[in-house]
Amino acid sequence: QVRLVESGGGLVQAGDSLRLSCAASERTGAVGWFRQAPGKEREFVAAIDRTGSRTDYADSVKDRFTLSRDSAKNTVFLQMNSLNPEDTATYYCAARIGFMWRNSASEYAYWGQGTQVSVSS
């Protein structure tokens, strides 16, 4: 059973940056980040393939968020720049066995507990 632990969330002001980490207990396939704001459905944010060579981003975060992967440490990083209040949510990382990412949460078998990101205006 793969265990995922997110960290790095917090309360920041609009325009600030945060870096989220997702540490896995063992090697995984693709890793995705999703977020869920109160009263809203969970939505896809970004994903990275097993090797870290390819990434995908939701339109709402493209050019502001950047994914990277340290395979030696089984850790994926989500660098979030130019944060705005609409980015406020609980952020979850998820992992799957397959090489390629998927945009659907149902395609991921393993989930972390989530980390809160709050952006004030």
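This is a predicted model: local features need pLDDT of at least 70, side-chain atom pairs count only at pLDDT 80 or more; totals for chains, interfaces and linings use all residues.
The protein contains 11 strands and 0 helices. Its elements accordingly follow one another along the sequence in the pattern β-β-β-β-β-β-β-β-β-β-β. The radius of gyration is 13 Å, close to the 14 Å that the globule rule gives for 121 residues, so the protein is as compact as a globular protein of that length. Along the principal axes, the C-alpha trace spans about 40 × 25 × 25 Å.

Of the 121 residues, 45% count as buried. The accessible surface amounts to about 6200 Å², and carbon and sulfur atoms account for 44% of this area. When contacts between residues at least 6 apart in sequence are considered, 58% of them join residues at least 24 apart.

The largest nonpolar core comprises 36 residues, among which Trp 33, Phe 65, Leu 78, Met 80 and Tyr 91 touch the most other members. Two or more residues are given to this core by each of strand 3 (18-24), strand 4 (31-36), strand 5 (43-48), strand 7 (65-70), strand 8 (75-80), strand 9 and strand 11 (115-120).

Strand 8 also holds Val 76. With a relative accessible area of 2%, Val 76 falls under the 20% limit and is therefore buried. Leaving out residues up to four places away in sequence, Val 76 touches Leu 20, Ser 21, Cys 22, Val 31, Trp 33, Ile 48, Leu 67, Ser 68 and Arg 69. One of these partners, Val 31, is 45 residues away from Val 76 along the chain, yet the C-alpha atoms of the two residues are separated by 7.6 Å.

Arg 96 is located in the loop that runs between strand 9 (89-95) and strand 10 (110-111). The relative accessible area of Arg 96 is 13%, under the 20% limit, so this residue too counts as buried. Apart from neighbours within four places in sequence, the contacts of Arg 96 are with Thr 28, Gly 29, Ala 30, Arg 102, Glu 107 and Tyr 108.

Terms used: Residues are numbered from 1 along each chain as its sequence is written. Side-chain values use heavy atoms; hydrogens and water are left out. Helices (H or I, at least four residues) and strands (E, at least two) are DSSP runs, numbered from the N terminus. The radius of gyration is taken over C-alpha atoms; the globule rule is 2.2 Å times the number of residues to the power 0.38. Buried means under 20% relative accessible area, exposed over 50%, partly exposed in between (1.4 Å probe, protein chains only). Contact means heavy atoms within 4.5 Å. Accessible areas come from the Shrake-Rupley method with a 1.4 Å probe; for residues, only the protein chains shown count as cover. A nonpolar core is a set of buried Ala, Val, Leu, Ile, Met, Phe, Trp, Tyr and Cys residues joined through side-chain atoms within 4.5 Å.
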